[in-house]
Amino acid sequence: MSSVAISNMGSRVTRLIRNFNVENRAHREISKAKPKPAPRHPSSSGFPQEDIAASSISEEVQQRNDPLLSMLKDVYVESKDPVSQAEAVPVVKKVEQKTQRRALKYSLPGEPYGFCDVTDVPKGKLSLVEALTALNNHKRMPKTWTPEKLAQEYSLDPKDAKALTDFFFPFDVKIIPPKTEETKQIKDS
């Protein structure tokens, strides 16, 4: 049998099961008791009893209550405006200082990654290329490229240069040899 014939048989079987006793099931659903609708919220326009209750409430609200008024006259509220923060804190004029900048030591050739050409950075900061170069120099020659020399070379704070060399490492690939010689090994190229 082909797959088309099997799928036709499957659809026929499902149609028979779906249509089995459809009329009786429909009559059973129709004859079920209908659910009782939720009660409606009473409105002022609905029943006369509700209109009487609403009018008595509105009369009560409009009525003058002398004991409450006498107690309200005894209440005395005194308030003062708070001092605004602008008056409390003297205004200090800010003089815009241009941060000192230094020229880049290293940069990418051209624009291979679509970055705009950065020519200088603030002192105490590194570009990504400079940071990777500094970390790589320190990794290859730690005695020559000490944190002090990196701080001097790139105008960094000495403690920042020390933290840079302690906590950041350039990308490093380590090939771990297999324990047995039967395992395939990646050779260095």
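Guide: One term before we start: a crossing of two helices is left-handed if the near helix is turned anticlockwise from the far one by less than a right angle, and right-handed if clockwise. Keep in mind too that this is a predicted model.

Visitor: Which pattern does the protein follow along the sequence?

Guide: Let's start with the parts list: the protein has eight helices and two strands. Read them off in sequence order and you get the pattern α-α-α-α-α-β-β-α-α-α.

Visitor: What share of the residues is buried?

Guide: A residue counts as buried when its relative accessible area is under 20%. The protein has 189 residues, and the buried ones make up 11%.

Visitor: And how much accessible surface belongs to carbon and sulfur atoms?

Guide: The accessible surface of the protein comes to about 18300 Å². Of that, the carbon and sulfur share is 58%.

Visitor: What span should helix H6 have, at 1.5 Å a residue?

Guide: H6 runs over residues 128-140, which is 13 residues. The expected span is 1.5 Å times one less than the number of residues.

Visitor: Is His138 buried or exposed?

Guide: His138 has its place in helix H6. Leaving out residues up to four places away in sequence, His138 touches Trp145, Pro147, Leu150 and Thr165. The cut-off for buried is under 20%, so at 18% relative accessibility His138 counts as buried.

Visitor: How is H6 placed against H7, roughly parallel or roughly antiparallel?

Guide: The axes of H6 and H7 come within 11 Å and cross at roughly 150°. Angles over 145 degrees count as roughly antiparallel, so H6 is roughly antiparallel to H7.

Visitor: Which residues of H7 do Glu130, Thr133, Ala134 and His138 meet?

Guide: Those four residues are on the H6 side of the pair. The crossing of H6 and H7 is right-handed. Over in H7, the residues they meet are Pro147, Leu150 and Tyr154.

Visitor: What about H7 and H8: which hand does their crossing have?

Guide: The axes of H7 and H8 come within 8 Å and cross at roughly 120°. That makes H7 oblique to H8. From H7, Pro147, Leu150 and Ala151 meet Pro158, Ala161, Lys162 and Thr165 in H8. As for the hand, H7 passes H8 in a crossing that is right-handed.

Visitor: How far apart in space are Ala151 and Gly124?

Guide: Ala151 has its place in helix H7, and at 7% relative accessibility Ala151 counts as buried. Leaving aside neighbours within four places in sequence, Ala151 is in contact with Leu156, Asp157, Pro158 and Ala161. Gly124 is 27 residues away from Ala151 in sequence, and from C-alpha to C-alpha the two are apart by 8.6 Å.

Visitor: Where does Ser155 lie?

Guide: Most residues other than glycine have a negative phi. Ser155 is not a glycine, although its phi is positive, at about 55°. At 28% relative accessibility, Ser155 counts as partly exposed. Its location is the loop between H7 and H8.

Visitor: And what is the phi of Asn21?

Guide: Asn21 sits in the loop between helix H1 (3-19) and helix H2 (22-31). With 32% relative accessibility, Asn21 counts as partly exposed. Asn21 is not a glycine either, although its phi is positive, at about 55°.

Visitor: Last one: what share of the contacts with a separation of 6 or more is between residues 24 or more positions apart?

Guide: A contact here means heavy atoms within 4.5 Å. Take the protein's contacts with a separation of 6 or more, and residues 24 or more positions apart account for 37%.

Technical notes:
Residues are numbered from 1 along each chain as its sequence is written. This is a predicted model: local features need pLDDT of at least 70, side-chain atom pairs count only at pLDDT 80 or more; totals for chains, interfaces and linings use all residues. Side-chain values use heavy atoms; hydrogens and water are left out. Buried means under 20% relative accessible area, exposed over 50%, partly exposed in between (1.4 Å probe, protein chains only). Accessible areas come from the Shrake-Rupley method with a 1.4 Å probe; for residues, only the protein chains shown count as cover. Axes are lines fitted to C-alpha atoms, for helices over the stretch in contact, and angles run from 0 to 180 degrees between N-to-C directions. Angles under 35 degrees count as roughly parallel, over 145 as roughly antiparallel, 65 to 115 as roughly perpendicular and the rest as oblique.
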